[in-house]
Amino acid sequence: MNQHFIFGITFFYLWLSSQILFAQAMGVVQGEVRDKNGQFGLAGVSIVAEGTQIGVSTDAEGKFKLSLPVGSYNIKATLVGYKPIVKYNINVTSGNANIISFELEEDNTTLGEVEVTADKTISPAVADIFTPLSVQSLTTEEIRSNPGGNFDISRVVQVLPGVGGTNGSVGGFRNDIIIRGGAPNENVYYLDGIEIPVINHFATQGAAGGPTGILNVSFIEDVKLSSSAFEARYDNALASVFQFKQREGNPDRFQGNVRLSATELANTLEIPIGKKTTSLLSARRSYLQFLFEAIDLPIRPDYWDFQYKITHKLNAKTTINAIGVGAIDEFRFGSVRKSTPENEYILRSVPSIQQWNYTVGFLVKRLIKNGFVNIALSRNMFDNQIDRFEDKQVGNENFRILGIQSQEIENKLRVEINKSINGWKYAYGLVGQYVKFNNRLFNRIRKEITDGQGNIVQSALLVRANSAIEFFRYGAFVQGAKALFKDKLGLSAGLRTDMNSFTTTGNNPLETLSPRASITYSFSDKWSASASIGSYFKIPVYTILGFRNEQGELVNRNVRYTNSIHYTTGVEFLPKNDLRFTLEVFYKDYRNYPVSIRDGISLANQGGDFSPVGNEAVQTTGKGRAYGLEFYLQQKLTKNTFAVFSYTLVRSEFAGLNNIFIPSAWDNRHLISALYGRKFRRGWELGLRYRFAGGAPFTPFDLVASQRNYASLGVGILDFSRLNSQRLDAFNQLDVRIDKKWNFKNFTFDLFLDVVNFLRFPTPAFPQYTFQRTSDNTAFATTDGLPLAADGSNAIPLILKNNDAIFVPSIGFIIEF
């Protein structure tokens, strides 16, 4: 028996060693190189792994396949007459072929000067003359290995300059992407040219934020963030445009990966379908509900998400991409083994949520003389149901506090023509949408309360609405750019207008006429400066447009598009090919911002929790301003190390009906992010991420109103006369991640340890108002020993500080096959 056991162990060890030795030999990087302006394949491009003598050239269609020893590489693409590009931190494994693409842009300098400037490969300003500043990017490897990111793109982008997301409402555990002091609903998101309104699970309707992202990082080749100087082709952006570029599936063989983390199980498959068609498919399932049950928390979040991309090359000039992404979310409650004041507060204050959403679309790209045409056709739908009941009386309509059943449906068509002639680059196009919005709303703002003699001390305030609207949105844009003086000077200008068939002035094209212009100048190969000015518009969210009063009237049809005028200037310094510094100063002037008529406050302060934004009468007379500066350092992979550091100083202030500017909910003042990655031998990797955010403003409770209403509402009442007059403590967090990769014969095994809040800093969040409980936590304690009075007059108020340290270590693995 012992001999057989020893023989078995020895055989297994020898097999394992042989597999590892084999896998340490080679992996594959393959893809395609295209002309950026014409989008046709480039033949004869040199593809080289920097630091090695290994390279290949692209074939007649611009395709290449490069075999390399497993490890991390910077892959460089060069062709005479074109500016070179380097893809940094490409992780080569034996499990999956790494699929990447290059887009090379013609170099207008002379051949002699190419030798001097050819290595300027990191600057996004040179890469896109339409948007020469306020542009940052992340690669898929920087996203995958981001500590504390849990493979969540929405969370990882918070390392970029000007990006906040550490909202005090939930201690930084939401993906409320705050760009330069703007609200979460001021951002737009595009996936391969298709707009995706919802990128988070349990999304806040009208704001887009949520606790965890939907997009699968295995699909993503890179992410580009524009925080100003937006191209005219993008509508509805006030704060930023996110462009998520998906890679194509493996055209040669079946491959995929399985990822198991502390919160979810995900599977991605790549299936070639004939010689002209590739596919990417994925599904993900959370098991947070089991984790929370195990640690005795009453919440049970549960979600699924799905994603696909199918690419078919119809002929040499026409490519069709079919994409889709969707999610199913359920947020419910379960019983706990031990009742605590914190658990009781959650059960009384947090609503149950049932959501599902999807975006599906087709993008047709047709090559034409000196350019290409894009036709994007898509449909997205968001279904949102929220319920909350008094005193945990779930399902009892007599105790209902909040009930929302809402649907948003958009059908979109965008046609754009992109051309490049004699150094001029221009684009123009038309967009159209057919929109449907349905909403059934019940919201008890406050309950009628009487004293012991039956006298009414507080009248009830209820909001009931049942609304269904449908209308059209349409617009047009044009943009042109020119590089002069051998690419030293870049000029760009654009114009856009958007209209709709619903609002009172919606068909006036001059109402939303939005010009924008930018200039960039390169003083040398290392120094450049840029400036831009632009006026941008956004239609109010559908919950505002579709709101009806008790008489069934659409009271918000006279609202105007929200307007933000950006002034931005900055400098860029490139001391080395792989090292980049930027410094930018910005000012944003907001006009026509929606303001609540009931509360008198700007809706710019909303969107940081799970309650929908809107669903009330507003007037678009609000003003706002956000201004500050950003510093950014980016060290691409060099000698097995990469790093990112950003600092943002920002002030964000908005005015309500009183026309007085006060700090908004996003006025963190100081934002610091740092990311460090180190790759060691034998497959070991270390990642560190640090985040700091100045204390978020918050509004204190109206103690009298809170005591009177807590028993019926389950939450405290904010004192809007002191809106955002207090601040939380600053947010600090250090996350650590360690990876160990084993490359076997036909697959790769990656084991990782991810620790959120490694140093256990306190996690400041908004205070919570409640009543003190009895010692056995079976009832509310009272001043007279009697049951709690309906008006809370005998209650003992208690404000929970809500700043416990949240320390989350987790172990997971990824198998590539």
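I began with Q768 and found its place in strand 43, residues 768–771, where strands are DSSP runs of E of at least two residues and helices are runs of H or I of at least four, both numbered from the N terminus. Q768 is buried, with a relative accessible area of 18%; buried means under 20%, exposed over 50% and partly exposed in between, with a 1.4 Å probe and protein chains only. This is a predicted model, in which local features need pLDDT of at least 70 and side-chain atom pairs count only at pLDDT 80 or more, while totals for chains, interfaces and linings use all residues. Residues are numbered from 1 along each chain as its sequence is written, and side-chain values use heavy atoms, with hydrogens and water left out.

I then listed what Q768 is in contact with (heavy atoms within 4.5 Å): leaving aside neighbours within four places in sequence, these are Y345, F701, L798, I799, L800 and N802.

Not counting residues up to four places away in sequence, F242 touches V157, I177, I179, V188, Y189, Y190, V223, K224 and L225.

I turned to an open sheet of 3 strands, in the order 4-1-7 and with mixed pairing; two strands pair if DSSP finds at least two bridges between them. Strand 4 (63–68) and strand 7 (98–104) stand at the edges with a single partner strand each, so one side of each is left without a neighbour in the sheet. Strand 1 (residues 27–35) pairs with strand 7 in the parallel sense over 7 bridges, and Q30 stands opposite I99 in strand 7.

For P272, I noted a place in the loop between strand 18 (264–270) and strand 19 (277–286). P272 is partly exposed, with a relative accessible area of 23%, and touches N250, P251, D252, R253, F254 and T277, not counting residues up to four places away in sequence.

K486, in the loop between strand 28 (461–484) and strand 29 (489–500), has a phi near 55°, a positive value in a residue other than glycine. N592 lies in strand 33, residues 579–596, and has a positive phi of about 60° although it is not a glycine; N592 is buried, with a relative accessible area of 16%.

My last entry concerns the largest cavity, which is lined by 33 residues, with P197, G206, E408, E410 and K538 nearest its centre. On a 1 Å grid over the protein atoms alone, a cavity is a set of points where a 1.4 Å probe fits but cannot get out, and lining residues have an atom within 4 Å of a point. The elements that give two or more residues to this lining include strand 22 (352–368), strand 24 (400–421) and helix 8 (542–545).

Methods: 1 Å grid on protein atoms, 1.4 Å probe; cavity = no way out; pocket = protein on both sides within 12 Å on 5 of 7 lines; lining within 4 Å.
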